[in-house]
Amino acid sequence: MGADLSVLFSSLTGLDCSNGSDGYLCLQSRPSLGDLPESCVALVLSYLDPPEICKLARLNRAFRGASWADFVWESKLPSNYQVLFRKVFGELPGDLGKRGIYERLCQASTFDGGTKKVWLHKSTGGVCLSISPKGLAITGIDDRRYWNHIPTEESRFCTVAYLQQIWWFEVDGEVEFPFPMGTYSLFFRLHLGRAYKRFGRRICNTEHVHGWDIKPVQFQLWTSDGQHAASKCILSETGKWNYYHVGDFVVDNSNAPTKIKFSMTQIDCTHTKGGLCLDSVFIYPSKFRERFKRF
Amino acid sequence: MADDGVNTKVEAVSKATTETIELRTEDGGVFDVDKPVAMEFLILKSFYEDEGRVFDKTSIRLPNVKQLELSKVIEYCTRALEFGAKSAAAAGDKDAERMVRQEREGFEAEFVDELSNEMLKELILAVNFLDIKEMLDFLIRSVANRIRNRSVAYVRQFFDIENDFTPQEEDQIHQENAWAFEGVDAD
């Protein structure tokens, strides 16, 4: 005498079961992994990163459906994504669905009068921010003997600030943004020499490059909660864009926006310096730091 | 609620003679399973609790579960209960908690290493049927680890699934997913 789970089994899976005379079940067909309920597939997807989830949406209908499941994307979004969304777009997400919100936030969005861009790093959901020269306080920026804005394809903002020469080199900036909790690194993206295209080839004009090898440039950052980082560097490499690491800061609490100030200076007035392109200031999650460190 | 559950498990596991249930697999295997372990199978738990059946030594046939799978399930669930008890006993002692965690991770790594893709799939189906949440989560995580960074073709073969899209649907899918692959985030 034994209990029979056939009733439970058929109600769970909807399979047609018929009892054999000795109590064994005869099943119509053995379910395969491909018949797993969409919720199980979604669970598998939730352990993968967003590009992989989207890649596997091509497998079949169950995978496609699962790739849209809200709970899968909830875990990928930054914890304060609603605040982020409102800061950038000025309104709440509405009925986009979590995947739609993630996708929207992954596109670089401009805010603060066109001076800043923010986006999520696709694989990790990390918040990345970029500040254009127009969002920075650059000493002498309005004097065309010193600085000029030149259009270029090599910048997210389509224009960079080019320094011909100056005695007092100082670039300051500040940003207030609701960064999610984590550690972030701040960089200046700089280029020694002025690049342009001739007959489809990239040429670098270094005629104005001078004065960077005498004394190092000083970089600093401060946060409103008392963190401070500093570094210095002799700029030497011409002809390519480099990210100069200023330092890191930690965001403990994503309920209040983080306020950061930063600066880059070379104010030794015994010599002039010039021939420098300033693209922007970048803030990235620190785990990407190693990809960018140039000194 | 969670604490009550663990305490009950600690009591149950430490009983010298525990009640058992006899489970029979579809390929003729017979297993005497300790009640606490068997009650991890929600399909059995609800069979008894929801139906208000008195728990007595009885034999249950499990359709669609084979011997090899059931023995693996019992092995995992028994160890999971032990780890749960050890974890509860170590509560508050950071070092002890870490040791239990590492021991568990070691066991799980070994457990899954020994499973072929085929066996992993069979286990998921069995565990999904038996409705064992913790083990299902563990197996699913293991599947994710095995298909991560693999091609679509590989994953299709792994799950043995057919492409059931029309060409128009494929185009649509390509478009709606393109955002995840285009451009570079950092220069």
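Figure 1. A:Gln220 stands opposite A:Ser263 in S17(A). The model is predicted: local features need pLDDT of at least 70, side-chain atom pairs count only at pLDDT 80 or more, and totals for chains, interfaces and linings use all residues. Residues are numbered from 1 along each chain as its sequence is written, chains are lettered from A and ligands numbered from 1 in the order in which they are written, and side-chain values use heavy atoms, with hydrogens and water left out. Strands (E, at least two residues) and helices (H or I, at least four) are DSSP runs, numbered from the N terminus. Strand S17 of chain A covers residues 258-266, and six bridges join S14(A) to S17(A). The two strands run antiparallel.

**Figure 2. Five strands of chain A form an open sheet.** The order is S7-S10-S17-S14-S15, with antiparallel pairing. Which strands are at the edges? They are strand S7 (137-138) and strand S15 (228-233), each pairing on one side only. Two strands pair if DSSP finds at least two bridges between them. Strands of a sheet pair through backbone hydrogen bonds, either parallel or antiparallel.

**Figure 3. S14(A) and S15(A) form a hairpin.** Four residues lie between the two strands. In the turn, A:Gly226 has a positive phi of about 95°. The strands pair in the antiparallel sense over six bridges. Across this pairing, A:Val217 stands opposite A:Cys233 in S15(A).

**Figure 4. S14(A) has a covered face and an uncovered face.** In a regular strand the side chains alternate between the two faces of the sheet. On the covered face of S14(A) are A:Val217, A:Phe219, A:Leu221 and A:Thr223. The uncovered face holds A:Gln218, A:Gln220 and A:Trp222.

**Figure 5. A:Thr223 is buried in strand S14 of chain A.** The strand spans residues 217-223. Is A:Thr223 buried or exposed? A:Thr223 is buried, because its relative accessible area is 9%. Buried means under 20% relative accessible area, exposed over 50%, and partly exposed in between (1.4 Å probe, protein chains only). A polar contact of 2.3 Å joins the side chains of A:Thr223 and A:Asp225. (A polar contact is a pair of N or O atoms within 3.5 Å; within protein, one must be able to donate a hydrogen and the other to accept it, and residues adjacent in sequence count only if both atoms are side-chain atoms.) Leaving aside neighbours within four places in sequence, A:Thr223 is in contact (heavy atoms within 4.5 Å) with A:Phe249, A:Lys259 and A:Ile260.

**Figure 6. A nonpolar patch lies on the surface of chain A.** A:Trp167, A:Trp168 and A:Ile267 form this patch. Together they have about 310 Å² of accessible area. Such areas come from the Shrake-Rupley method with a 1.4 Å probe; for residues, only the protein chains shown count as cover. Patches are made of residues with over 30% relative accessible area and no salt bridge: like charges are joined within 9 Å, nonpolar side chains (Val, Leu, Ile, Met, Phe, Trp, Tyr) within 5 Å. A:Trp167 is found in the loop between strand S9 (159-163) and strand S10 (169-177). A:Trp167 counts as partly exposed, at 44% relative accessibility.

**Figure 7. B:Glu114 and B:Lys72 form a salt bridge.** Their closest N and O atoms are 3.5 Å apart. A salt bridge is a side-chain nitrogen of Lys or Arg within 4 Å of a carboxyl oxygen of Asp or Glu. B:Glu114 lies in the loop between helix H5 (94-113) and helix H6 (117-130) of chain B, and B:Lys72 in helix H4 (residues 67-90), so the pair ties together parts that are 42 residues apart in sequence. B:Glu114 is exposed at 53% relative accessibility, whereas B:Lys72 is buried at 14%.

**Figure 8. Helix H4 of chain B holds both B:Arg79 and B:Glu82.** They are three residues apart, about one turn of the helix. They form a salt bridge, with the closest N and O atoms 3.3 Å apart. B:Arg79 is partly exposed at 27%, and B:Glu82 is partly exposed at 33%.

**Figure 9. B:Glu134 forms a salt bridge with B:Arg104.** The closest N and O atoms are 2.9 Å apart. Why does the pair tie together parts that are 30 residues apart in sequence? B:Glu134 lies in helix H7 (residues 133-147) of chain B, but B:Arg104 lies in helix H5. B:Glu134 is partly exposed at 38%, while B:Arg104 is buried at 19%.
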